Amino acid sequence: MVTLNMPTILFFLSSGLFLGWSLGANDAANVFGTAVSSRMISFKSAAIICSIFVLIGAVVSGAGGAHTLGKLGQVNTLAGSFIVALSAALTVLFMTKAGLPVSTSQAIVGGIIGWNFFADKATDVSTLQTIVGTWFLCPLLAMAFSIIIYQGVRFFYKRMRVHLLWEDYFTRVFLLIIGAFGAYSLGANNIANVVGVFLPSSPFVDVNMGLFTFSKAQILFLLGGIAIGVGVFTYSQKVMLTVGKGIFRLSPITGLVVVFSSSLVLFVFSSKGLNYLLVSLSLPKLPHVPLSSSQAVVGAVLGIGMCHNIRNVDFRLLGRILIGWILTPVASAIVSFVFLYFMQNVFMSKVFL
Amino acid sequence: MFGVWGKTKLIVGDLETFFDTIQGAGLLFQEAVKDYFNGELERFEQRVDHIDTAEAKTDELRRTIKKQIYTNMLLPDSRGDVLAIVETIDDVTDEIKFIVKSFAIEKPDVPEELRGDFIQIAEQSKMCIIELIGACRSFFNNITEANAYIGRVNFYEHEVDVLSERIKRKVYAEGSTYSLAEKNNLRYFVDMMERITNIAQAVCDRLSVFVIKRSI
């Protein structure tokens with residue numbers, strides 16, 4: 001194994017860390033956007049809670065999604081991982097600029113498939129099927145969760161005759177608790193998008209901390225989590241205010257339902273504990289797949305729209321998401337393939353073993 | 001969060017006291033009008049003082065509630081609606097105070113045949129205020145009941161309209177023995193008493209919109 005110095009390691013990790021920063025800047029808004037824009041929670045509190053719980057989620061439960069991506073393709077050099085993450089980041093950037101629906105999860109999958117093609121490695125079709133099937137399930141499940149939770153919340157508030165001011169107070173408390181859960185789920189589910197491709201080529205070694213061992217994977221997750229935290233603190237406030245007031249105007253209670261529903265979806269597709277429970281009940285395990293938190297949010301909002309009137313559902317939006325599922329991985333795979341070629345032939349770096 | 005818990009508890013308490021005080025002013029108003037027409041002027045003056053105190057108290061509570069809601073950034077979604085209710089419902093006590101003070105200062109000479117109608121207006125106004133407070137309380141506590149209260153407020157407002165029209169028709173009837181000055185003075189007091197239920201109805205008109213907003 002070639003030993004790399006720290007600046008080189010950081011340079012190669014930079015594309016993943018940029019993805020982390022971008023995730024913190026954008027996806028944190030899915031968790032705390034409504035709470036902050038409606039001034040139920042201050043940005044400072046939201047940013048602190050979000051960063052802490054994203055980090056915990058990433059380090060404690062981030063392995064599942066990364067393992068699934070690993071099954072799709074073992075990007076086995078640091079330079080190759082750098083290009084895969086960079087391709088995903090650039091695809092996300094350009095598609096966002098072009099106003100097309102995009103998800104980091106889909107871009108990273110495309111990037112890995114591009115690497116598989118370039119390195120002439122077979123793509124595990126069953127893993128790909130699992131991943132794509134989960135993308136399809138994500139907004140639908142979020143929609144189902146939000147319908148159930150929204151009806152439950154409405155029933156509770158009507159039956160319990162809660163004073164408007166106490167309703168406000170409890171909504172505030174739950175926005176914090178559910179926001180923390182949402183941040184944890186986001187970290188657990190999406191950290192694989194940020195540093196998952198670097199796992200097979202991780203330059204780090206396991207560190208024994210006495211009481212527990214910090215694995216090389218967890219060191220990567222920690223770095224990714226820090227990058228997400230930096231994204232939250234440096235850029236998410238603007239996005240939170242846009243999400244909360246621009247695209248769809250949600251009341252604090254409906255915002256709470258949306259965050260809870262979408263976070264539950266991210267949680268069920270990344271929780272080891274839930275899988276242990278399912279196995280103990282002789283039920284099939286759920287795959288651990290990195291998902292798009294934005295698409296989960298869209299599904300949850302549509303669910304609330306359906307509770308009021310089926311005509312509130314914008315099926316064109318679902319159609320656009322569907323197009324994104326095809327367009328994003330294909331674009332990312334092509335970008336990845338081209339960049340890998342340049343990295344190998346122009347910069348003379350080994351992009352696969 | 002613990003700070004907000006305490007503040008919330010405080011404002012909920014203030015709102016309850018605010019509504020109790022307005023309702024109390026409504027009860028006092030009816031008794032004051034009765035005392036005036038029954039010639040119990042000493043007791044009437046005491047009631048005027050109590051109404052004066054109640055009005056000062058509601059003003060103070062209104063200011064405190066507004067300040068607390070704003071400074072603690074509570075109810076971001078329905079703050080405007082709540083403050084509009086608090087502002088407009090406070091006009092009820094202002095109007096009650098204005099009416100009883102007018103009676104106390106101007107001491108209008110209301111003929112015997114019209115006194116019953118005046119007392120009835122005061123009774124219906126009191127009932128209207130009770131229902132109005134019920135509507136406001138249900139807006140905060142149990143939104144599903146608010147419309148029933150609003151319906152009853154509209155009923156009492158209409159009853160007061162009917163009564164005041166009856167008085168005016170009697171006053172201005174052909175062959176009426178009242179002088180023009182007496183006619184105008186009586187009409188002035190009838191119009192003034194009518195304003196309480198008009199305010200209550202205006203509050204309910206706003207409230208019914210807020211109820212729809214909260215139900216969605």
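Visitor: How many salt bridges does the structure hold over all chains?
Guide: The total over all chains is 25 salt bridges. A salt bridge here is a side-chain nitrogen of Lys or Arg within 4 Å of a carboxyl oxygen of Asp or Glu. This is a predicted model, where local features need pLDDT of at least 70 and side-chain atom pairs count only at pLDDT 80 or more, while totals for chains, interfaces and linings use all residues. Residues are numbered from 1 along each chain as its sequence is written, chains are lettered from A and ligands numbered from 1 in the order in which they are written, and side-chain values use heavy atoms, with hydrogens and water left out.

Visitor: OK, which residue forms a salt bridge with B:Lys66?
Guide: That's B:Glu87, and the closest N and O atoms of the pair are 2.7 Å apart. B:Lys66 lies in helix H2 (residues 41-71) of chain B and B:Glu87 in helix H3 (residues 79-106), so the pair ties together parts that are 21 residues apart in sequence. Helices (H or I, at least four residues) and strands (E, at least two) are DSSP runs, numbered from the N terminus.

Visitor: And what is the relative accessible area of B:Lys66?
Guide: B:Lys66 has 27%, so it counts as partly exposed. B:Glu87 is partly exposed too, with 28%. The cut-offs are these: buried is under 20% relative accessible area, exposed is over 50%, and partly exposed is in between (1.4 Å probe, protein chains only).

Visitor: Is B:Asp35 buried or exposed?
Guide: B:Asp35 counts as buried because its relative accessibility is 3%. B:Asp35 forms a salt bridge with B:Arg43, with 3.1 Å between the closest N and O atoms. B:Arg43 has 39% relative accessibility, so B:Arg43 counts as partly exposed.

Visitor: What about B:Glu112, which residue forms a salt bridge with it?
Guide: B:Arg115 does, with the closest N and O atoms 3.5 Å apart. Both residues lie in helix H4 (residues 112-141) of chain B, three residues apart, about one turn of the helix. B:Glu112 is exposed, with a relative accessible area of 63%, whereas B:Arg115 is partly exposed at 24%.

Visitor: Which residues do salt bridges that share partners join into one network?
Guide: B:Asp59, B:Arg62, B:Lys66, B:Glu87 and B:Asp90 are joined that way.

Visitor: Let's zoom out. How many helices and strands are there in chain B?
Guide: Chain B has six helices and zero strands. Its C-alpha atoms fill a box of roughly 70 × 35 × 20 Å along the principal axes. Of its 216 residues, 50% count as buried.

Visitor: What share of the contacts in chain B with a separation of 6 or more comes from residues 24 or more positions apart?
Guide: Those residues account for 81%. Contact means heavy atoms within 4.5 Å.

Visitor: How many residues does the contact take from chain B and from chain A?
Guide: The contact takes 24 residues from chain B and 22 residues from chain A. The two chains bury about 2100 Å² between them, 67% of it on carbon and sulfur atoms. Buried area is the accessible area (1.4 Å probe) that two parts lose on being put together, summed over both.

Visitor: What's the salt bridge count between chain B and chain A?
Guide: The count is one. A:Arg161 forms a salt bridge with B:Glu145, and the closest N and O atoms are 3.3 Å apart.

Visitor: Where is A:Arg161 found?
Guide: A:Arg161 is in the loop between helix H6 (125-160) and helix H7 (164-195) of chain A. A:Arg161 counts as partly exposed because its relative accessibility is 47%. A:Arg161 also has a positive phi of about 45°, although it is not a glycine. Most residues other than glycine have a negative phi.

Visitor: What phi does A:Met348 have?
Guide: A:Met348 has a positive phi of about 50°, and it is not a glycine either. A:Met348 is in the segment after helix H12 (315-345) of chain A. With 65% relative accessibility, A:Met348 counts as exposed.

Visitor: Last one: which residues does A:Leu86 touch, not counting those up to four places away in sequence?
Guide: A:Leu86 touches A:Ser15 and A:Phe339. A:Leu86 lies in helix H4 (residues 78-97) of chain A, and counts as partly exposed at 23% relative accessibility.
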